[in-house]
Amino acid sequence: MSTKTPSTEAVDINDPKLSRFEIIREGARRDDIEIVHYEPQFAPGSKAEKRMVRIVAGFFLITGVASLAFLGIFIFWPWEYEFGAYTASKFYTPLLGVTLGIALLGIGFGILTWAKKLLPHEISVQDRHVGTNADEQKLTGETALYMLDELGLKRRPLLKGAIGLGLAPVAVVAAAPLIGGLIKDPHGDERQSMFKTGFNADYNDGKLVRLVREDGSPVRPEDVSAGGQITVFPGISHGATNEWADSPTLLIHLRANDAAKAAEAADADEINKGAYYGPYVAFSKICSHAGCPASLYEQQTNRLLCPCHQSQFLIIDNARPIFGPAHRRLAMLPIEVDAEGFFVAKADYKEAVGPDFWERP
Amino acid sequence: MKRRKLDIGAVPGNVARGADERLQVATPLRSLLNKVFPDHWSFLLGEIALFSFVVLLLTGVFLTLFFDPSMKEVVYDGSYTALRGTEMSAAYASTLDISFDVRGGLIMRQMHHWAALMFMASIVIHMFRVFFTGAFRKPRETNWVIGVTLFFMGFFAGFTGYSIPDDGLSGTGLRIASAIMLSMPVIGSWLSSSIFGGEFPGMLIIPRFFIAHVLIIPAVLLGLIAAHLGLVFSQKHTQWPGPGRTNENVVGERMFPRYAMKQGGFFMAVFGVIAFMAGAFQINPIWLFGPYRASEVSSASQPDWYVMFMDGLVRLMPAWAIEIPIGDGYVIPPMFWPAGVLLGVLAVLPMTYPAIEARLTGDKKIHNLLERPRDNPPRTALGMMAISFFIIATISGGNDVVADKFHISLNAMTWVGRIGLLVVPPIAYWVTYRICLGLQQHDREVLAHGVETGIIRRLPDGRFIEVHQPLAAPDEHGHTHLEYTGWVVPKKMNRVGALAPAIKGFFFPIEKPSEAPVSPGHPPVDPAAKREEVGSSH
Ligand code: HEM
Ligand code: FES
């Protein structure tokens, strides 16, 4: 147990009298490393050392057992999904995780204990070589500059100009197909989906579009009780799918005195005038903030809460935002009842639906 | 024919010689084997990130073998009875299949997700370590910038990964991502339409995100990680000040075998913890969320933790928009401030922090020795300020859950967040600054008067005093003149050699109490005379 003092005289590494450690130390020295302290942690053969060896071996054996358990479970345990609360297959993944975890932790702790406790303790000091060599910097710098001289761009202005004007466009040529192919005009599709929804009669051969449930069944006024609300979709093909992600609409049957307030507010508004049908109003369900479905309707206060960032809209005041980060009201869908007694949209939304964007009027 | 007899013992030597004659690796290999690494627990945080990344690669490749990144509508008829007959995208259906119809698929999915959470957590904590110890100072600014970039790439890796199963939560996240793109002034609608290939959601976003998630982002991450480690290697690791440690050397152990073995063991341990968590704790049970429908969302839908601060900032933002009444009218929506401006600032400010600090302090020196957080109160206080900002933003990202659990009104929670975001960080700054100064002062006191021994002595005149153990020979006033070297000052008697813990046996002690523990992370306290010679270089 000694801290070996470094010797400074040159070492002949072919000297047969040298031990391997002395050769190693000489090698390290040539890498500017001084091994200043090197000592085994236990006297070889001591009780303490044997105990450590047993611990390391124990960890590895635990790994062996856990690995076998993992394999056994992986192969033989019932794993296919069964309906029910506590079926055997429900424990498949937890058992795999626990056995695999134990197996890996066993190796980990085994190796860590081995390295930390059984390997000799050492302190080495390596030189960092801080500071830069000014000569080196100059030599490299001049080499680089000389390359420029060789090209002679300074003396040949024509080449300079030709590179600028002639070759620069090539850089754009590389970018054009990569990026150009992705660019898509948001207002270019024939559906005009940034401003139109599935309730536009254009998508229904010019006929007014019905308000339907998710399964496609149309809605009569008496299907929604006072104070209640349902989510409706445009009654066109695929109207309830994500293809028409901006169309989901909330149809609300207001109670009498709320309905009167809502009607008054709507009639005072240029756009929403007459958009309601008796006590029934319909607003876009797509939050004007970031487009989540604003789906939590509080009957008492007539507020619609968006669960994403908690914007709140006052339904009886043209769905004006009254709290949270949304700054635009929800668009109102003008509705009426057709000859067969089902709700239809009198027209498409008059304001754009969904999250706000720059050129949205 | 006579066969030469094979001398087994000479084989390794011969092979090595043969290899060196061809590749000339002897010298570089030896300097690699011999490279000295300083050791401290806080240097392991970056390693956890690296190891989690390896687990992500392994499990991720497995998932690609079963995952179908397509938005085509299919009717589910797998084993999970609750969703049978439901229309959903092929991406969602294949994620259900991985969870229920691939043997061991669920544990792979959960390992992938837990590893992702671990990856991000360790990156963040590693960043804190680097920040608070000043490890980002010259010459390591480049690696700091790479590190910040790694955080944001990890953020996108996580977000794209979270999006591609196309369940109810990931669709909601995508919708918000689209709204964030839409909120950019002038180019917003073009940006969103170009990335989604038309209006949200379109048919392209899942395949595109898939390629980003499994190819582009991992490739960039791999490149950045390689550069990061390469720089650590060539610049050599920083070290804490301490006996014998200077700005010009590295004190520690050589990389092989002990240091490398510890790394390997640590990797296995991280891997094991991830496997254990993946088995024991369910994560992202997508089958409960259902397929994405534009018309449905559940409340308390939370993103992964490292995205929550964004969500919180968006929630706290008041509805401020700028309307420009030209022509039909233009608008900069409220979303732009947190998701565009603030996120930009949050990306650029940390990246440039090393340059800012160097400019403010006029410090152009090379620093290879770390600073204890207490020794640089302004920096530590700034860091705590940033952390408190991040924590409040993150909690606000779940403020509906908090409001629900503690029966607080949601609007109150929002206001608490808004005010807290402005008020708490400065308070954190002030408090941290004070604590740093207090700790510094205590260190200086111990250096001047010695360690409290806990021994109370009664003087002949009846006074009681506590006996202090000086750390060096005191002068005639009983004061010691030790200089603070930037490293732990012993404050308990067993740190200066008294009562070191004995090694316990199972039934009886194996060793008698020994001298002070020796470890590179915790250097022994040298005799006083020697201690005065060693000093950090500042
Ligand atoms: C730092 C890197 C990465 C992060 C942070 C990350 C994160 C995620 C997350 C959070 C998920 C959602 C998992 C879930 O369903 O709960 C995911 C899914 C997925 N990841 Fe990664 N991932 C990373 C790298 C990779 C790599 C390198 C690959 C493959 C080469 C990969 C392949 C996949 C696949 C195929 C899925 C979808 C399958 C599924 O959700 O079950 N990931 N990723
Ligand atoms: S999406 Fe409705 S509040 Fe943000």
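1. A polar side-chain atom of B:His112 sits 2.8 Å from a nitrogen atom of ligand 1. B:Arg109 has a polar side-chain atom 3.0 Å from a ligand 1 oxygen. For B:Asn284 the distance to an oxygen atom of ligand 1 is 2.9 Å. The elements giving two or more residues to the shell are helix H3 (45-64), H5, helix H6 (141-163) and H9 of chain B. Helices here are DSSP runs of H or I with at least four residues, strands are E runs of at least two, and both are numbered from the N terminus.

2. Ground rules. The model is predicted: local features need pLDDT of at least 70, side-chain atom pairs count only at pLDDT 80 or more, and totals for chains, interfaces and linings use all residues. Residues are numbered from 1 along each chain as its sequence is written, chains are lettered from A and ligands numbered from 1 in the order in which they are written, and side-chain values use heavy atoms, with hydrogens and water left out.

3. The shell. Ligand 1 has 27 residues around it; a residue is near a molecule if one of its heavy atoms lies within 4 Å of it. B:Arg109, B:His112, B:His113, B:His213 and B:Asn284 come nearest. H3(B) supplies the largest share, 7 residues.

4. Geometry. Ideal octahedral angles are 90 or 180 degrees.

5. B:His112 is buried, at 17% relative accessibility. B:His213 is buried too, at 16%. Buried means under 20% relative accessible area, exposed over 50%, and partly exposed in between (1.4 Å probe, protein chains only).

6. Cis bonds in chain B. The peptide bond joining B:Lys138 and B:Pro139 is cis, with omega about 10 degrees. B:Pro139 lies in the loop between H5 and H6. A cis bond also runs from B:Phe256 to B:Pro257, with omega near 0 degrees. B:Pro257 is in helix H10.

7. Positive phi. B:Asp166 has phi near 60 degrees, a positive value in a residue other than glycine. B:Asp166 is in the loop between H6 and helix H7 (168-182) of chain B, and is buried at 8%. A:Asn318, also not a glycine, has phi near 55 degrees. A:Asn318 is buried, with 8% relative accessibility.

8. A:Arg329. This residue is in the loop between strand E10 (320-323) and strand E11 (335-337) of chain A. Its side chain makes a polar contact of 2.8 Å with that of A:Asp269. Another, of 3.3 Å, joins the side chains of A:Arg329 and A:Glu351. A polar contact is a pair of N or O atoms within 3.5 Å; within protein, one must be able to donate a hydrogen and the other to accept it, and residues adjacent in sequence count only if both atoms are side-chain atoms.
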